[in-house]
Amino acid sequence: MASSKKVLTRDEWERKMREVKIRKDDMNSLVMNFLVTEGLVDAADRFRLESGTQPDIDLTSITDRMEVKRAVQSGNVEEAIDKLNDLNPTILATNPQLYFHLQQQKLIELIRVGKINEALQFAQEELAPRGEENQVFLEEIEKTVALLVFEDVKNCPYGELLDVSHRLKTASEVNAAILISQNHEKDAKLPSLLKMLIWTQDQLNEKAVYPRINNLSTTVLEDPAV
């Protein structure tokens with residue numbers, strides 16, 4: 001049965017793309033948004049000088065934000081909390097979930113280095129009262145304390161809490177909270193646009209055959225197999 005999809009040649013597709021006009025200022029703003037959100041302060045400053053695009057926040061604040069993020073990523077939770085409070089003490093005061101996750105990460109770090117007695121005391125004194133007030137927090141505490149039961153953490157159902165990926169998750173949550181406090185988007189716009197591109201292409205695949213971008217790192221148009 002012949003395909004009912006419309007077939008667009010490369011020449012037709014490229015002509016249609018050329019008809020779409022995108023302002024350079026909009027592209028520059030998109031790049032600056034990505035650099036600021038991801039904390040690439042040196043790149044953002046160079047881009048500011050080269051393009052004349054002004055960031056929507058003070059670039060010096062990026063350095064402070066990244067210091068907090070790096071502290072969490074390296075497992076220095078107390079340092080991260082101190083730096084975060086120096087940066088903006090209202091963030092933790094108004095975000096109990098974030099503060100709990102930082103305290104949970106501190107408990108994980110104590111367990112990681114084998115400070116069992118200190119971990120148990122910390123869980124009882126600092127985290128248990130929060131669990132009494134919030135069922136979700138209580139479940140997270142129980143999962144974390146369960147790490148102490150297993151000699152081989154790899155066999156623990158919650159062993160992923162000790163993965164570096166969990167530190168990164170907590171660090172990302174902290175990063176987002178700081179950005180929101182600075183009236184900035186918590187997520188960069190560029191990755192969202194790339195996801196939208198993939199979704200749009202998937203939708204278009206049902207109706208047409210056309211050159212598409214399969215590799216987002218190269219953005220090279222690839223001819224379809226007809």
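**Close-up 1. His-184 sits in the loop that runs between helix H10 (164–181) and helix H11 (189–205).** Keep in mind that this is a predicted model. His-184 is tucked away: with a relative accessible area of 5%, the residue counts as buried, because the cut-off for that word is under 20%. Its side chain makes a polar contact with the side chain of Asp-56, at 3.4 Å. Asp-56 also turns up among the residues that His-184 touches, and so do Asn-33, Val-36, Thr-37, Ile-57 and Leu-179, leaving aside anything up to four places away in sequence.

**Close-up 2. Pro-55 has its place in another loop, the one between helix H3 (41–51) and helix H4 (59–73).** Here the relative accessible area is 17%. That still makes Pro-55 buried, since the limit is under 20%. Who are its neighbours? Not counting residues up to four places away in sequence, Pro-55 touches Met-32, Val-36 and Arg-48. For a sense of scale, take Pro-55 and Ser-165: they are 110 residues apart in sequence, and from C-alpha to C-alpha they are 30 Å apart in space.

**Close-up 3. Here H4 meets H10, with axes that come within 8 Å and cross at roughly 160 degrees.** That angle makes H4 roughly antiparallel to H10, because anything over 145 degrees counts that way. As for handedness, the crossing of H4 and H10 is right-handed. On the H4 side, look for Arg-65, Met-66, Val-68, Lys-69, Val-72 and Gln-73. They meet a set of H10 residues: Arg-167, Leu-168, Thr-170, Ala-171, Val-174, Asn-175, Ile-178 and Leu-179. Sorted by class, this contact has eight nonpolar, three polar and three charged residues.

**Close-up 4. Helix H5 (residues 77–87) and helix H7 (residues 96–112) cross at roughly 155 degrees, and their axes come within 9 Å.** So H5 is roughly antiparallel to H7. H5 brings Val-77, Glu-78, Ile-81 and Leu-84 to the meeting. From H7 come Leu-98, Tyr-99, Leu-102, Gln-103, Gln-105, Lys-106 and Glu-109.

Key. Residues numbered from 1 in each chain as written. Predicted model: local features only at pLDDT ≥ 70, side-chain atom pairs only at ≥ 80, totals over all residues. Heavy atoms only, no water. Helix = DSSP H or I, 4+ residues; strand = E, 2+ residues; numbered from the N terminus. Buried < 20%, exposed > 50% of the residue type's maximum accessible area, 1.4 Å probe, protein only. Polar contact = N/O pair within 3.5 Å; in protein donor to acceptor, adjacent residues only side chain to side chain. Contact = heavy atoms within 4.5 Å. Axes fitted to C-alpha atoms, helices over the stretch in contact; angles between N-to-C directions. Parallel < 35°, antiparallel > 145°, perpendicular 65-115°, else oblique. Left-handed = near helix turned anticlockwise from the far one by under 90°. Nonpolar A, V, L, I, M, F, W, Y, C, P; charged D, E, K, R; others polar.
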